[in-house]
Amino acid sequence: MNRQRIRLWDLPTRVFHWSLVVLVVASVVSGKIGGNLIVWHSRCGLAIVGLLAFRLVWGLIGSTYARFLSFIPTPASLLAYLRGQWHGVGHNPLGAFSVFGLLGLLALQAGTGLFGNDDIAFRGPLAALVSGDLSDWLTGVHKLSINLLIALIVLHLAAITFYARVKKDNLVQPMLTGWKEVEAGRAESASGGGRLAFCGALLIALAVVYGASGAWLPTPATPPASAPTPAW
Ligand code: HEM
Ligand code: HEM
């Protein structure tokens, strides 16, 4: 059977993925340890907000297989996949559910973190925008939803191992190199997602990080110095 190499994952998608892996691991570890590390936890979370914003825009204007429209699962594509009749490349219809699930749960995790607090001295960068009760509630969601996220990551890794061991399809290599070997004529190399699209997505991501950082919020007024205690 003739084989050909196609360009599957563009560089921004790969850099997005591997940066996300590093930052999610750092966020989970620093979140669990807490204490002084909570400041770094918040910084990693803000970087994840930026990555998610970038990926959202890249899903609209990135290259062929990175676009959401190329892998949004439909009942027909799901059925074809389950019957072994799906012959596309990129995220398969079932895998696409896990991709959207991972992105959605990460957005929930980072979104709740922004308004959360650690019950000690730390408050999320946007916590000043909500009441103390709501901040506590969102912190509770933040502490619960992480379990769902970790479960989905374990499933993600199990699916990739299943593909490698059982289906003899190495999904990791294309996510590292960008290239994938397919049957000749089955698919074409990704196109689109040029420099202009990249700069647009990057600018939007930076604007979102600025918004999420709370740097635009007025600094709380410093309380007046207490009156000196009389000596008598
Ligand atoms: C913190 C852990 C991880 C998270 C949150 C995560 C998240 C994601 C996301 C969101 C995607 C979709 C990529 C996109 O279209 O933008 C993806 C795809 C992928 N990830 Fe991960 N990932 C994690 C760990 C890993 C690890 C450790 C590996 C490798 C051993 C891996 C291998 C892959 C591969 C191969 C794909 C492409 C799957 C396909 O071909 O459909 N991931 N991951
Ligand atoms: C957007 C910025 C984020 C902020 C400001 C933030 C804030 C916080 C705070 C204040 C806590 C401590 C809660 C407490 O001990 O009462 C916490 C815990 C935690 N966060 Fe975040 N977070 C953010 C993003 C994330 C992200 C993206 C992840 C994971 C991907 C994450 C995972 C965790 C974990 C695992 C804990 C420990 C939960 C537990 O005690 O079981 N956070 N976070």
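Helices (H or I, at least four residues) and strands (E, at least two) are DSSP runs, numbered from the N terminus. The model is predicted: local features need pLDDT of at least 70, side-chain atom pairs count only at pLDDT 80 or more, and totals for chains, interfaces and linings use all residues. Residues are numbered from 1 along each chain as its sequence is written, while chains are lettered from A and ligands numbered from 1 in the order in which they are written.

**Exercise 1. Loop residues with positive phi**

Task: State where Lys 168 and Asp 119 lie, and classify each as buried or exposed.

Solution. Step 1: Lys 168 lies in the loop between α5 and α6, and Asp 119 in the loop between α4 and α5.
Step 2: A residue is buried if 20 or more other C-beta atoms lie within 10 Å of its own, exposed if 12 or fewer, and partly exposed in between, with C-beta atoms placed from the backbone. Lys 168 has 7 other C-beta atoms within 10 Å and is therefore exposed; Asp 119 has 9 and is therefore exposed.
Step 3: Most residues other than glycine have a negative phi. Lys 168, not a glycine, has a positive phi of about 50°, and Asp 119, also not a glycine, has one of about 70°.

**Exercise 2. The setting of Asp 118**

Task: Determine which residues Asp 118 touches, not counting those up to four places away in sequence.

Solution. Step 1: Asp 118 is placed in the loop between α4 and α5. With 15 other C-beta atoms within 10 Å, Asp 118 is partly exposed.
Step 2: Two residues are in contact if their C-beta atoms, placed from the backbone, lie within 7 Å. On this criterion Asp 118 touches Gly 34 and Ile 38.

**Exercise 3. The shells around the two ligands**

Task: Identify which helix gives the most to the shell around ligand 1, and which supplies the largest share around ligand 2.

Solution. Step 1: A residue is near a molecule if its C-beta atom, placed from the backbone, lies within 6 Å of it. Ligand 1 is surrounded by 20 residues, the closest being Val 24, His 91, Val 99, Leu 171 and Met 175.
Step 2: α1 (11-33), α4 (93-114), α5 (132-165) and α6 (172-177) each supply at least two residues of this shell, and α1 gives the most, with seven.
Step 3: Ala, Val, Leu, Ile, Met, Phe, Trp, Tyr, Cys and Pro count as nonpolar, Asp, Glu, Lys and Arg as charged, and the others, Gly among them, as polar. The shell around ligand 1 has 14 nonpolar, five polar and one charged residue.
Step 4: Ligand 2 is surrounded by 27 residues, the closest being Ser 27, Gly 31, Gly 45, Gly 113 and Gly 124. The largest share of the ligand 2 shell, seven residues, comes from α2. By class, this shell has 10 nonpolar, 13 polar and four charged residues.

**Exercise 4. The faces of α7**

Task: Explain why the buried residues of α7 line one face of the helix.

Solution. Step 1: The buried residues of α7 are Ala 201, Ala 205 and Ala 212.
Step 2: Seen down the axis of α7, these residues fall within an arc of 35°, so they line one face; the arc is that of the directions from the helix axis to the C-beta atoms.
Step 3: On the other side of α7, Arg 195, Leu 196, Cys 199, Leu 203 and Ala 207 are exposed. What covers the buried residues includes α2 and α4.
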